Structure formats: structure tokens, C-alpha cells
Amino acid sequence: MNPYQQKKRWKYSLLTFAVVIASGSLLYTSYLVRNIAKSERTRAQVWAMSMKQVLASDDNDFLSYVFAVRDSSIVPAIVTNNRGDIQLSRGLDPTKTFIKLEAEDNTPGKIHKKYDIAYFKAELANMKKQHTPIKLKVLDTEWLVYYKDSDLLTQLKYFPYIQLSVIAIFLLLAYTAFSSSRKSEQDQVWVGLAKETAHQLGTPISSLMAWIELMKEKFNAEDDPLIGEMENDVKRLEIVADRFSKIGSKPQLEEHKVYDVVKDFVDYFKIRVSKNISFELTGNPHLLAGINVPLFDWVLENLMKNAVNAIEGKGKIKVDISGNKIKKQVFIDISDTGKGIPRSKFDTVFQPGYTTRKRGWGLGLSLTKRMVENYHDGQIFVRDSEMGKGTTFRIILKNIRHDKQTAA
Ligand SMILES: Nc1ncnc2c1ncn2[C@@H]1O[C@H](COP(=O)(O)OP(=O)(O)OP(=O)(O)O)[C@@H](O)[C@H]1O
Ligand SMILES: [Mg+2]
């Protein structure tokens with residue numbers, strides 16, 4: 001199984017597991033909340049009934065028993081008569097039930113207290129929203145006992161959400177830390193391998209060059225086309241080694257006309273592919289960007305090789321260069337008339353190992369992305385694609401400045 005399918009499976013299994021845990025925890029808490037809410041309703045009822053007994057009795061022992069029952073329940077409640085007038089209350093915030101007023105004769109330090117009606121009304125409205133009132137018959141009148149959830153119950157209702165959010169934040173942080181450390185590990189392997197490859201290629205390439213010079217002398221074959229071809233191939237090997245050495249360390253960017261760099265590459269590339277593929281280069285020839293030519297050639301080569309593979313027969317590769325003055329960006333759009341990429345794979349194609357070709361390694365685009373983003377501070381993405389019609393990749397580079405002299 002390809003590693004991305006495996007990763008996807010893992011992701012889905014973990015996600016399902018997380019959903020099961022989260023819903024299990026929410027269900028259990030809501031079960032607890034329902035039970036406590038039921039018992040709180042009973043407590044409010046007990047309290048109201050106890051008050052009814054208080055009003056009907058003058059037996060002191062009985063009254064102290066009733067007060068003990070009353071104080072054991074902590075459900076905040078307000079009792080009104082059937083006209084809505086407040087008769088009794090309990091369990092409200094004692095710091096808010098009164099307002100302090102200066103004494104009427106303005107004696108300094110003399111303060112008297114008054115019920116804060118607005119507070120009671122607000123609490124009553126809140127209770128009406130939360131539960132239907134308990135009805136009680138007291139001395140020929142009807143009482144309505146309104147109550148609200150205790151602080152404990154309210155906290156319990158929100159607890160699973162707080163708990164799950166904390167866990168989610170923790171997992172997110174752990175995941176980010178883990179994946180960034182894995183990425184830097186991959187970077188090290190990548191860069192190390194590139195440097196080592198360049199280093200190992202260096203010696204045989206120099207020897208080959210010396211051998212070719214010797215052959216020319218020995219066989220007096222300065223203009224022999226076969227030796228010319230050999231020389232070309234050795235030069236090509238040199239370019240490859242140079243590319244590897246460049247991605248092994250942060251390369252220097254130089255200001256180049258993007259159009260010229262692309263044109264040079266297209267001229268080099270088009271004679272090396274089938275005649276069935278035509279090339280077209282359009283756009284603004286004056287835009288400048290910071291480019292490392294050997295690496296950027298590699299980028300173009302990967303993209304164009306992919307385009308050639310996607311075309312399968314007759315087709316066209318078009319490169320268009322445009323810019324955005326305000327954002328100081330240069331756009332390089334590379335379009336082909338190939339088989340296209342499904343929308344769901346627009347990001348996946350850049351992952352290492354993703355390939356649909358029998359002989360592909362799936363490394364071309366991931367390397368390309370790396371060279372554009374890490375070494376040119378640019379961006380690359382699939383701009384659009386239609387199955388059976390073709391694909392356009394867009395590279396965005398930083399436009400250093402407009403070449404005014406040539407543009408004029
Ligand atoms: N222009 C394109 N049109 C259609 N599909 C494309 C195009 N470019 C890339 N792809 C898809 O993206 C995949 C990954 O491309 P990438 O260049 O990374 O690897 P590859 O070409 O398969 O192998 P290699 O490592 O040799 O480059 C390709 O196999 C192909 O399915
Ligand atoms: Mg490729």
C-alpha cells in the first residue's frame with residue numbers, strides 16, 4: 001500500500017476513535033446532568049413544601065427540623081403567588097440581593113439596606129426560561145416555585161466541552177511539534193544525501209573530462225562527433241552534480257529576466273523531446289526575479305517532463321509570463337494539453353512518493369516545490385486542470401523590480 005493511503009487510513013481511524021471518545025464523554029455527562037437536574041427539582045419541591053409547613057406550624061422543634069431540611073438543599077429558587085408577586089427566595093447570591101442606601105437624614109456612616117428588585121426580577125426571568133415551575137397549594141392560594149440549575153449542575157454541563165477543548169488543543173500542539181521535528185529530520189536526510197551525491201559524482205566527472213582530453217590527443221580526433229557527444233554527456237553530468245550541490249546549501253539568487261531564463265531552457269529542452277510536442281512562450285519579457293539558474297532549470301525540467309508524460313502523443317506546452325506590480329510578483333504559468341489532474345489530487349501531487357507512472361518515483365514535484373519555496377522564496381501550485389484537456393501549474397516568484405530601461 002502506498003504510504004499516503006496508509007497515512008489516510010490512520011487519519012480516518014484516529015478521527016473515528018476521537019469522535020467515539022468525544023460522543024461517549026458527552027453522552028455520559030448529559031446522563032449525569034439529567035439525573036442531577038431531576039434531583040434538583042425534587043429538592044426545590046422539598047424546600048417549598050417545608051416552607052408551607054413553616055407557615056402552618058408554631059412547634060419550635062418541628063421548625064428547626066424544617067429549617068435543617070431547607071438548608072440542606074442548595075437549589076436557587078423563587079416562589080411567587082399566582083399573580084406573580086415574589087413571596088420567598090432562597091439560594092440567591094447574598095451579595096446581590098440588597099442595595100445599600102444612605103440613611104434619609106444623611107447621617108454619615110448610617111446606611112440602610114433595601115431589596116434589589118431588579119436583581120430578583122432578572123433571576124426570576126432566568127428561572128422561567130430554565131424550568132417549568134412546581135405548583136403548590138398554600139393556605140388557599142397557589143404558589144409557583146421557580147428554580148434554576150445549581151452552580152454545580154451548570155459547571156457540569158459545560159465541563160465536557162472545556163475538557164474536550166483542552167485535550168484537542170493539547171493534541172494539536174503535540175502533533176505540530178511532532179510533525180515539525182519529523183520534517184526537520186527529513187530535511188537533514190535530504191540535504192545530506194544531496195551533498196554526498198554531488199561530492200561522489202565530482203571525482204569521476206573530473207576524471208572523465210581528463211580522459212576525453214587524452215582521447216582527443218591520442219586519436220587526433222578534435223572534431224569527431226562521437227567525442228563531441230561524449231563531452232555533452234559529461235557536461236550534463238556536471239550540471240546534475242552542480243544541482244545537487246546547490247540544494248545541499250542555500251544558493252545565491254541573482255536578478256534575471258524570467259523570460260530569458262525560461263526561453264533558454266525551452267530552447268534546450270524542445271530539441272530533446274518528441275517532435276509531436278510543440279512549445280510556445282508568451283508574456284512580458286521584462287520582468288525580473290531573483291533566480292538561481294541551475295536550480296530553476298531543474299524546476300522547469302521537472303514540470304516540462306511531467307507535461308510531456310501527461311501528453312502521451314501529440315500536444316502543446318505553453319509557458320506564459322505575467323506579473324502583478326502591486327504585489328511585486330512574477331507569475332510563470334506552465335500549461336499542457338495532457339491528461340489532467342483530478343481536483344482532489346491538486347495538493348497530493350506535491351507529496352514525495354505520489355506517482356501514477358509505472359517508472360516514476362514521485363519525487364519530481366516534491367523536489368520542485370522545495371526548490372521554489374525554500375530556495376526561491378516563491379510558491380507553486382496547480383492553478384487549474386481539466387481531465388482529458390490539460391493542466392496549468394503556476395509558479396510565483398518575487399519581482400525584484402521592473403526593468404524600466406528595456407520596458408521603455
Ligand atoms: N502536468 C501534469 N499532468 C497530469 N498529471 C501530472 C502532471 N504533473 C504531475 N502529474 C501527476 O503527479 C504525479 C507526481 O509527479 P512527480 O513529478 O512528483 O512524479 P513522477 O513524474 O510520477 O515521477 P518522477 O519522480 O520521475 O518525477 C505524476 O505521477 C502524475 O500523476
Ligand atoms: Mg515527474
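The following legends describe close-up views of a predicted model. Residues are numbered from 1 along each chain as its sequence is written. Local features need pLDDT of at least 70, and side-chain atom pairs count only at pLDDT 80 or more.

View 1. Helix α6 spans residues 258-270, helices being DSSP runs of H or I with at least four residues, numbered from the N terminus. Its buried residues (under 20% relative accessible area, 1.4 Å probe, protein chains only) are V258, Y259, V261, V262, F265, V266 and F269. These residues lie on the same side of α6 because they cover an arc of only 160° around the axis, taken from the directions from the helix axis to the C-beta atoms. Among the elements against which they pack are α7 (293-311) and β10 (315-324), contact meaning heavy atoms within 4.5 Å.

**View 2. The ring pair of F244 and W298.** Rings of Phe, Tyr and Trp (its six-membered ring) pair if their centres lie within 6.5 Å, and planes over 60 degrees apart count as edge-to-face. The centres of F244 and W298 are 5.3 Å apart and their planes stand at 70°, so this pair is edge-to-face. F244 belongs to helix α5 (residues 225-247) and W298 to helix α7, so the pair ties together parts 54 residues apart in sequence. W298 is buried, at 9% relative accessibility.

**View 3. An aromatic cluster.** F98, Y115, Y119 and F120 form one aromatic cluster. F120 is buried, with a relative accessible area of 6%.

**View 4. Charges over rings.** The charged end of R394 sits over the ring of F331, 4.1 Å from its centre. K369 lies over the face of F350, at 5.0 Å from the ring centre. Such a placement requires NZ of Lys or CZ of Arg within 6 Å of the ring centre and within 35 degrees of the ring normal.

Terms used: Chains lettered and ligands numbered in written order. Heavy atoms only, no water. Helix = DSSP H or I, 4+ residues; strand = E, 2+ residues; numbered from the N terminus. Expected span 1.5 Å × (residues − 1). Buried < 20%, exposed > 50% of the residue type's maximum accessible area, 1.4 Å probe, protein only. Phe/Tyr/Trp six-rings, centres within 6.5 Å; stacked < 30°, edge-to-face > 60°.
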